[in-house]
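Please keep the sequence and the coordinates open while reading.

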Amino acid sequence: MRTNLPKRRVTLLAVLFLAVGVLFGLRLITMQIVEGAQYSELANKRSEQKQTVAAARGEIVDRYGRPMVINRTGFNVVFDMAFMQRGKENETILRLIDIMKQSGEDWIDNLPLTKSAPFTFEGSDSDIARLKKFVNVNAAATSEDVWYWLVERYKLEEYSSEQQRLVAGVRYEMEQRGFNYKVQYTFAEDISISTITKIKENTYELPGVDVRESAIREYVSGDLAPHIIGRIGPIFADEMEKYKEKGYAANDVVGKAGIEQAFESELRGISGERQITLNNKGAVLEVVETKAPQPGNTVVLTIDKELQRVAQESLERQIKNLQETAPAGKGKEASVGAAVVIHVPTGEVLASASYPTYNLSTYQQDYAENANNPLLPFFNRAFNGKYAPGSTYKPAVALGALNEGLIERNTKVLCTGRLHLFTDGYSPKCLGVHGNINAITALERSCNIFFYETGWKQGIDKINKYSEMLGLGEPTGIELPENIGQRASKEYSESHGERWEAANVVMASIGQGGNEFSPLQIANYTATLANGGVRMKAHLVKSVVSYNFEQTIKETEPEVLQDMQLKPGVIDVVKDGMVAAAGPGGTSLGAFNNYGVTVAAKTGTPETSTETVNSVYIAFAPVENPEIAVAVVIEDGWHGYTGVPVAKAIFDQYFFANKDSEKPQTAETILS
């Protein structure tokens, strides 16, 4: 009996194996024959995904079609949350930064704290306020308070202070840009091919990091008109609701300043859509563009690119010349300024320079340095600065008195060097003793006494009536934010805790005593004088055309804001005085003697509240048929004539430079 036991076991196992084999065979037959069609369908099952195709942003060109802002293809480093290892983000970021440093590449870091310990605030007030709100501290919190919460939020305790700052800068920006499973984060833009290679070689150490092809915004001449062009930037988390209503995605970019912001609706394209078909293994089977992206429109500026360059360079050159050659306390301290050029017949801004300035191409790299520069290079002095016009205001006072019939061409005032009008001992002086002079000679020699008395005859209300019509202290109509400034008045003085006295009227008559205007307003005022009292709306955009220049979407027509309807002969007296001021006996130091066109000008040396003297200079030409008007302001420039070299360089470029080779004829033909 015992000898048959092993055989029975073998037989039993064989039967079991046979039964299992039969069952598997039957199931295989069922799957292949009975259920074959069903499994075949599963094997071939496809999935479809929709993907947004970004539209190209519209470009920005000058009045002749010369490019100022264009798009080109580049490569960005992006983070995808779906593939990042939770809890390992800091290590991934540090490894990626190490690669970027080795490659000499920059990455996005807008955390408004210094890059090295001790960490203190830097950047704009709005950026610092956003950071404080983000970490939930009050407005009075210190940088140490903010830093404590950042370290805790991102679990940075185990890292060195340098590593903490590197990671915090990236993690903060990730959250500001709404990084999540649906929204990727752009870590760095426009990296080189060699950097792409290094990132790809280290993919296993960089989970969730990828390189994507993208449209790169390129500023052809990043140092030209940056305050006008403006910049683009990401949509921050606290802005998302506003932009979401307009159809923006969280990872879109928008205009943040200048024309980029003011004309966002025109420059922004319409995103397209494509359908991607995948098999059950995730392989792409088909890509179909279901909706083509539509590029944004091109904005054509009124700016003349080469005239803009001359305005900027001549302004910078003159300020540096004053620093090097002027006596201490008399111009050597000059450090900032502005110049604006306006086309008289249309109100088009041909150039607008603000110094110091910055470069849009290196905006991120230079941000910390520029943000901490006490001279405020980001500040658009041309539009938002506010300056007393000084003696450049005298043409306005003369015009008002002439039009009101208070003086005539040959009405004379005796200048003895002092004003003897008041009995209380107040006796402001003139810079010279001019004897009996009329309005023309008073403008030529910038006689204070003539305008003290003429302004006193008018009174502040009539002075302001004509200032308002000339556009001083009034909106110019420009498309960008501007400082409206203010005219001298009793209300203004009292609102600043100052008494309004008779002296205020005579001071207002020579462009002080509360009169403060932007260089843009002063330039448009000059253009209004040149235009015979017709004030045009100032503007920066000539037209908006389709991306390929084939269709004009909208065109800016010249618009009259004020026609003063001056009495016959009034403007002629003012112009004659300004021509004399530009001539051999005037205050322009003979700069326009025997010049190729007739120039009308006026200098101004307004004193400031800090007991320094600014330089203000206005001019237009040709007097017979005015084309352009210029205003130059140099803070601490001391003499009005220090602005003359800037204006002359602008006139030289506009009237005498050979610009044929600078204008691309095809674009000019389309746009003219």
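Two strands count as paired if DSSP finds at least two bridges between them. The hairpin of β16 and β17 has 6 residues between its strands, and Phe 549 takes a positive phi near 70 degrees there. The model is predicted. A search of the whole structure finds 2 cavities of 30 Å³ or more.

**Largest cavity**

- The largest cavity holds about 40 Å³ of space.
- Its lining consists of Ala 225, Pro 226, His 227, Gln 308, Gln 312, Ser 352, Ala 353, Ser 354, Thr 357 and Asn 380.
- Two or more residues of this lining come from each of α8 (226–229), α12 (305–325) and β12 (349–355).
- The element that gives the most to the lining of the largest cavity is β12, with 3 residues.
- Sorted by class, the lining of the largest cavity has 7 polar and 3 nonpolar residues, and no charged ones.

**Second largest cavity**

- The volume of the second largest cavity is about 30 Å³.
- Ile 342, His 343, Val 344, Gly 347, Asn 524, Ala 527, Thr 528, Asn 531, Val 534 and Met 536 line the second largest cavity.
- The elements giving two or more residues to this lining are β11 (337–343), α20 (519–530) and β15 (534–536).
- With 3 residues, α20 gives the most to the lining of the second largest cavity.
- The lining of the second largest cavity divides into 5 nonpolar and 5 polar residues, with no charged ones.

- An open sheet is formed by 5 strands in the order β12-β11-β21-β20-β19, with antiparallel pairing.
- β12 and β19 (600–604) are at the edges and have a single partner strand each, so one side of each is left without a neighbour in the sheet.
- Direction ignored, neighbouring strands of this sheet are turned by 5 degrees against each other on average.
- The antiparallel pairing of β11 with β12 runs over 6 bridges.
- Within this pair, Ile 342 stands opposite Val 349 in β12.
- Ile 342 is also among the lining residues of the second largest cavity.
- Helix α21 (residues 570–582) lies across β19 and β20 (615–621), and runs at about 70 degrees to β19.
- Helix α22 (residues 644–656) lies across β11, β12, β20 and β21 (628–634), and runs at about 150 degrees to β21.

**Pairing around β3**

- Strand β2 (residues 60–61) and strand β3 (residues 67–79) run antiparallel and are joined by 2 bridges.
- Val 61 has Pro 67 in β3 as its bridge partner.
- The hairpin of β2 and β3 has 5 residues between the strands, and Gly 65 in the turn has a positive phi of about 85 degrees.
- β3 also pairs with strand β5 (residues 209–219), in the antiparallel sense and over 11 bridges.
- The bridge partner of Val 77 in β5 is Val 211.
- β3 is joined to strand β4 (residues 185–188) by 3 bridges, and the two run antiparallel.
- The bridge partner of Val 77 in β4 is Ala 188.
- In a regular strand the side chains alternate between the two faces of the sheet.

- Strand β16 (residues 541–545) pairs with strand β17 (residues 552–555) in the antiparallel sense, over 3 bridges.
- Val 544 stands opposite Lys 554 in β17.

**Packing of α4 with α6**

- Helix α4 (residues 125–134) packs with helix α6 (residues 161–176) at an angle of about 85 degrees, and their axes are 12 Å apart.
- Angles from 65 to 115 degrees count as roughly perpendicular, and α4 and α6 are therefore roughly perpendicular to each other.
- On the α4 side, Asp 127, Arg 130, Leu 131 and Phe 134 take part, and they meet Tyr 172, Glu 175 and Gln 176 in α6.
- The contact of α4 with α6 has 3 nonpolar, 1 polar and 3 charged residues.

Terms used: Residues are numbered from 1 along each chain as its sequence is written. This is a predicted model: local features need pLDDT of at least 70, side-chain atom pairs count only at pLDDT 80 or more; totals for chains, interfaces and linings use all residues. Side-chain values use heavy atoms; hydrogens and water are left out. On a 1 Å grid over the protein atoms alone, a cavity is a set of points where a 1.4 Å probe fits but cannot get out, and a pocket is an open set with protein on both sides within 12 Å along at least five of seven lines; lining residues have an atom within 4 Å of a point. Grid points are joined across faces, edges and corners, and a volume is the space filled by probe spheres set on the points. Helices (H or I, at least four residues) and strands (E, at least two) are DSSP runs, numbered from the N terminus. Ala, Val, Leu, Ile, Met, Phe, Trp, Tyr, Cys and Pro count as nonpolar, Asp, Glu, Lys and Arg as charged, and the others, Gly among them, as polar. Axes are lines fitted to C-alpha atoms, for helices over the stretch in contact, and angles run from 0 to 180 degrees between N-to-C directions. Contact means heavy atoms within 4.5 Å. Angles under 35 degrees count as roughly parallel, over 145 as roughly antiparallel, 65 to 115 as roughly perpendicular and the rest as oblique.
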